[in-house]
Amino acid sequence: MNRVNTRKIKVGDIFVGGDSRITVQSMTNTDTRNIEATVNQILALEKEGCDIVRCAVLDMEAAEALGSIIKRINIPLVADIHFDYRLALASIKNGVSALRINPGNIGDSERVRLVAESAEEKNIPIRIGVNGGSLEKDLLEKYKKVTAEALVESALRHVDILNKFNFEDIVISIKSSEVITMIESYRKISKIVDYPLHLGVTEAGTLWSGTIKSSIGVGTLLCEGIGDTIRVSLTGDPIEEVRVGKEILKSIGYIEEGIKFISCPTCGRTQINLIKIANEVEEKLKNCHKKIKVAVMGCVVNGPGEAREADIGIAGGKNEGLIFKKGQIIKKVSEDKLVEELLKEIENM
């Protein structure tokens, strides 16, 4: 698919926008002032494949803690700041790779100038983040409610403030908890500016509901070529945000490496515990980086046939199953050995 062409911006040692790959982000839910807990969570996110991480900076102690955290991690860190320009200046001083701050919310133009000049000096981009909760009162009065038009107008206001100080290293996010509003907002802004876009459905919900909303919102826009970096916002372990984000990218072809996993929904023909087997296989392969497609199918009627494009797979029988490669059966195995034998074959591929 053809991506909307945006300008390329550097975040630490990673590029966002232009022809660079789409990156997956997450945000820590530790107290940033607790350096050990925050570092441990970031390292776990790195292991899961997170590209960029964001930390909340609530006060000066948190801003100062960033320096110690950055020394112990390997991915770019974004300081998430609201209202206080001094926290932005301190975060820059302590070595962050980017800021998330809305220039219209940090005071007069002199404060904005100080932040913009400091960020420019250190080649640190600024992400402008607009959502329904941050919408200005006059825009709410103008549009009567949170609309895509109101969100876009708000984002452009913040962009204009930075542009007045000749600052152009900008990333924009226009998030909404309403999926359709979110989609419409990004469609509109992508036609107006060429800044990289950070996609996400804000306050998406728990792992179950949030995954559905994010897959629809983020996935729709990515399929239209819109978006340069994504964050799946979930109420839960940030690790799940990265897993879902990577799976979204993988399912539409933006990530080629790693396991592609398919399994059938089961039916009356299924005579093995396919649900248990499928979950076990997916869990055991979550950190496998082989570029292969694995199928777990419930019966021999459809198994090797429907999944013939899979590199390797299982087709269930009565208390046993077949292991096949590219649609060709290679062995018959008892149900209790199916997962073990499948994993051995994958290991040898």
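I began with M297 and found its bridge partner in β13 to be A315. Strands here are DSSP runs of E with at least two residues, and helices are runs of H or I with at least four, numbered from the N terminus. The model is predicted, so I note that local features need pLDDT of at least 70 and side-chain atom pairs pLDDT 80 or more, while totals for chains, interfaces and linings use all residues. Residues are numbered from 1 along each chain as its sequence is written, and side-chain values use heavy atoms, without hydrogens and water.

Next I looked up the strands. β12 (residues 293–297) pairs with β13 (residues 312–316) in the parallel sense over 4 bridges; pairing requires at least two DSSP bridges between two strands. Both belong to an open sheet of 5 strands, ordered β11-β12-β13-β14-β15, with mixed pairing.

Then I checked helix α10 (residues 274–284). It lies across β11, β12 and β13, at about 165 degrees to β12. Axes are lines fitted to C-alpha atoms, for helices over the stretch in contact, with angles from 0 to 180 degrees between N-to-C directions.

Last, the cores: sets of buried Ala, Val, Leu, Ile, Met, Phe, Trp, Tyr and Cys residues joined through side-chain atoms within 4.5 Å. Buried means under 20% relative accessible area, with a 1.4 Å probe and protein chains only. In the largest nonpolar core, of 72 residues, L77, L99, I172 and Y186 touch the most other members. Helix α6 (residues 148–163) gives this core its largest share, 6 residues. I also noted a second, separate core of 19 residues, including I259, I272, A278 and I292.

Notes. Buried < 20%, exposed > 50% of the residue type's maximum accessible area, 1.4 Å probe, protein only. Contact = heavy atoms within 4.5 Å.
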